[in-house]
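Subject: Handover of a structure

Dear colleague,

Please find below the structure I am handing over to you. My findings are set out after it.

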Amino acid sequence: MVNMIEYFRFMPKIIHVLRKHIEFENGHILFMDAPMCFIHAEGILDMQLEMYRQLGPIARRQIYHSAKQAGKKHGELALRLEKQSLEDLIKTVANYSIISGWGMFKVLKVDEKNADIEIEITESVMAKLYKKKSHKEKIGVDDIDWYVCGLFSGVLTKVLNRDMESIETHCCINDKDGKECRFRIVPKEKYVELEKERIFRGRQNKKKVKSGD
Ligand SMILES: [Zn+2]
């Protein structure tokens, strides 16, 4: 198990907040008055695969930007939590994500001055499903989790009140035995640089696969 010290430090707080803010009413679950739904993770994946089938590679940008909009709603909720430092707020959101079933989150870096955040997910539920489905269906989900990237950029756009973009700098899909996915979230103006690095790395990975390294 990773990140257990952080996990235990924050969990009582998360459970306290959940108890305080969750209400059940007429078939709805309300969290801070916002309706929440319990959905099937594989359904989220199938929705993405269907977009790939219909739109081709352009789907990845559509997935990213749609998830970014969804992430903004979560960011708005995060801003309504009790006042805390940026680092603690991001850790709180990361711990919500753990108990919501997305995998084990670890906040690697919070550089508030430069608005540069790094987060690692071990055993990302989406990455596990991507591995399974992309092998099975040979659908080009690429080596990036566009959906989770979009969510991160949306949440942090709201939390930092600045247009943020996110990139997956390392994905466990590219590792035979690895379980970690790492994400960097930066202001929009820094994103082009990161995207260039990602494309370069992608080419290197493909070369490695071809040469069997
Ligand atoms: Zn990944």
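Please note that the model is a predicted one.

I begin with the sheet. It is open and consists of three strands in the order β1-β2-β3, with antiparallel pairing. The edges are taken by β1 (22–25) and β3 (34–36); each has a single partner strand, so one side of each is left without a neighbour in the sheet. On average, and with direction ignored, neighbouring strands of this sheet are turned by 40° against each other. Between strand β2 (residues 28–31) and β3, the antiparallel pairing extends over three bridges. Isoleucine 29 has methionine 36 of β3 standing opposite.

I turn now to the helices. Two packed helices are described by the distance between their axes and the angle between them. For helix α2 (residues 41–55) and helix α3 (residues 59–79), the axes come within 9 Å and cross at roughly 140°. An angle over 145 degrees would count as roughly antiparallel, and 65 to 115 as roughly perpendicular; α2 and α3 are therefore oblique to each other. Their crossing is right-handed.

As to the residues involved, α2 contributes Gln48, Met51, Tyr52 and Leu55, which meet Ala59, Gln62 and Ile63 in α3. In the contact of α2 with α3, five of these residues are nonpolar and two are polar, while none is charged.

Yours sincerely

Definitions and conventions
Residues numbered from 1 in each chain as written. Predicted model: local features only at pLDDT ≥ 70, side-chain atom pairs only at ≥ 80, totals over all residues. Axes fitted to C-alpha atoms, helices over the stretch in contact; angles between N-to-C directions. Helix = DSSP H or I, 4+ residues; strand = E, 2+ residues; numbered from the N terminus. Parallel < 35°, antiparallel > 145°, perpendicular 65-115°, else oblique. Left-handed = near helix turned anticlockwise from the far one by under 90°. Contact = placed C-beta atoms within 7 Å. Nonpolar A, V, L, I, M, F, W, Y, C, P; charged D, E, K, R; others polar. Pairing = 2+ DSSP bridges.
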